[in-house]
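Open the structure in your viewer and keep the selection tool ready. This tour goes stop by stop: what to select, and what is there.

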Amino acid sequence: MRFRSVGYTPFMLMAQTCALLGFACYAVVLAPLQEEWHLTNLQSGLIASAFFFGYMLAVPLATALTDRVDARKVYLVGGLSATSGLLGMSLLAHNFWTALLFMSINGAGLAGTYMPGLKILSDRIQSGELTRHIAFYTAFFGIGTGFSYLCSGWILSALGWHYVFGIIALGPFTAFLIVLFCIPPLAHEKWKGPIRIRLHDIFPVDKWKLVLMDKKASGFIFGYTAHSLELFASRSWIVAFFAFCAVASGESFFLTATTLAGVINFFGVPSSILGNEIALRVGRQKWVCIVMLTSAVMGIALASSTGHSWWLVVALAIGHAIFIMADSSTLTAGLVISAQENIKGAAMGLHSLMGFGGGLMGPAIFGFVLDVAGSRASSTAWIWAYAAVVIWGVLFVIYERRNGWVDKTTA
């Protein structure tokens, strides 16, 4: 079966949505697992971070392979890996250490689908504005994670946490089937022959140095790191935060914490797409700086809303979700466009590696600060925890403006 190149995008959007259904499983079950396994906030944060640790271990190899073989093959392996990690959490995980293992496998599976999925598109789209396809692909991260919160919450309420991981494992397996049957392999001869991957192919330090020497490209990578640290810390702890807000205010929210987290995630989708359109007009670098500063303000405001009415908490959470995602596609598209063609695969690998490195640190930093500042029962501790993750975006803006990353031209 053959499709026009632009016709691949809908299939990849569906596949990414399914592949991401396991993303928020742990965030949804964090509170019951913390009680059942007697975990500290730091340990709970580390389990969330293990997902990103697995991603970081696998993404250099996954992206290196996409420079040697059709990214479709890498995607198929990634889908099966994510399925295995989720089934392991459902059937075999019983304490902190086993959860670390299976969450790492789940994260490694995402490494085999997210950036390789983007490479599938970039290898096949020959016409039109590529950045717009990238913007939609990146924005659908929010749709996948939004459905992850919703579905995981419904399953948790009906069946318990074991079934959350077991049933959601169907998501990445469905992504595997979509790519297997709906995305035909590339026929170009450069994708044929034996695969020879050496250590410096997996960790192309020389190429990474070239990427980092490019002020424009490296700025997008560092920005993505700060963005991911704040984003994934917030998403890992948002359900627990809503639960605390309900107790602190004495009011019941109009939706359950998990459903509310899922609905709010959807606001990030149009925000990411529209953010890219705005960036095309005002300049990518300038837009990234505006968004990061606003997101930091919204994050602190949200953390300070505990004890107030649910409508204020929800309004601020929506505002934070909008601005935390408003530069997501801009950062990724900016890197893809600005990186030199001969090192683009390595640049995308470094971008993803450092971005999810931020995701690795974010949940653990958040949980550690909660423990140090007074635990999940303290309003002040939540403010300090949010401050500890939003400050990185502010520092990034200050650093990059001093180094001349922001210019007056539209990029």
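This is a predicted model: local features need pLDDT of at least 70, side-chain atom pairs count only at pLDDT 80 or more; totals for chains, interfaces and linings use all residues.

Residues are numbered from 1 along each chain as its sequence is written, and side-chain values use heavy atoms, leaving out hydrogens and water.

**Stop 1: two loops**

Select Ser375. It lies in the loop between helix H18 (344–373) and helix H19 (379–402). Helices here are DSSP runs (H or I, at least four residues), numbered from the N terminus, as are strands (E, at least two). Ser375 is not a glycine, yet its phi is positive, near 80 degrees. Is Ser375 buried, partly exposed or exposed? With a relative accessible area of 28%, Ser375 counts as partly exposed.

Now go to His38, in the loop between helix H2 (25–37) and H3. His38 also has a positive phi, about 55 degrees, without being a glycine. Its relative accessible area is 67%, so His38 is exposed.

**Stop 2: salt bridges**

How many salt bridges does a search of the whole structure find? The search finds two. The test is a side-chain nitrogen of Lys or Arg within 4 Å of a carboxyl oxygen of Asp or Glu.

Select Asp123 and Lys119. Their side chains meet in a salt bridge at 3.2 Å, N to O. Both residues are buried. They sit about one helical turn apart, because they are four residues apart in helix H6 (residues 114–124).

Next, select Glu277 and Arg281. Here the salt bridge is 3.6 Å, N to O. These two are four residues apart in helix H14 (residues 268–282), so about one helical turn separates them. Arg281 counts as exposed because its relative accessibility is 58%.

**Stop 3: the nonpolar core**

A nonpolar core is a set of buried Ala, Val, Leu, Ile, Met, Phe, Trp, Tyr and Cys residues joined through side-chain atoms within 4.5 Å. Which residues touch the most other members of the largest core? Select Tyr26 and Phe242: of its 129 residues, these two do. Helix H12 (residues 215–249) gives the most to this core, with 17 residues.

Stay on Tyr26 and show its contacts (heavy atoms within 4.5 Å). Leaving aside residues up to four places away in sequence, Tyr26 touches Leu33, Leu39, Ser44, Ile47, Ala48, Met103 and Phe165.

**Stop 4: helix pairs**

Axes are lines fitted to C-alpha atoms, for helices over the stretch in contact, and angles run from 0 to 180 degrees between N-to-C directions. Angles under 35 degrees count as roughly parallel, over 145 as roughly antiparallel, 65 to 115 as roughly perpendicular and the rest as oblique.

Select helix H4 (residues 71–91) and helix H5 (residues 96–111). Their axes come within 7 Å and cross at roughly 160 degrees. H4 is therefore roughly antiparallel to H5. The contact includes Gly78, Ala82 and Gly85 of H4, and Ala99, Phe102 and Met103 of H5.

Finish with helix H3 (residues 41–66) and H12. They pack at about 125 degrees, axes 11 Å apart. That angle makes H3 oblique to H12. At this meeting, Asn41, Ser44, Gly45, Ala48 and Phe52 in H3 face Phe232, Ser236 and Trp237 in H12.

Definitions and conventions:
Buried means under 20% relative accessible area, exposed over 50%, partly exposed in between (1.4 Å probe, protein chains only).
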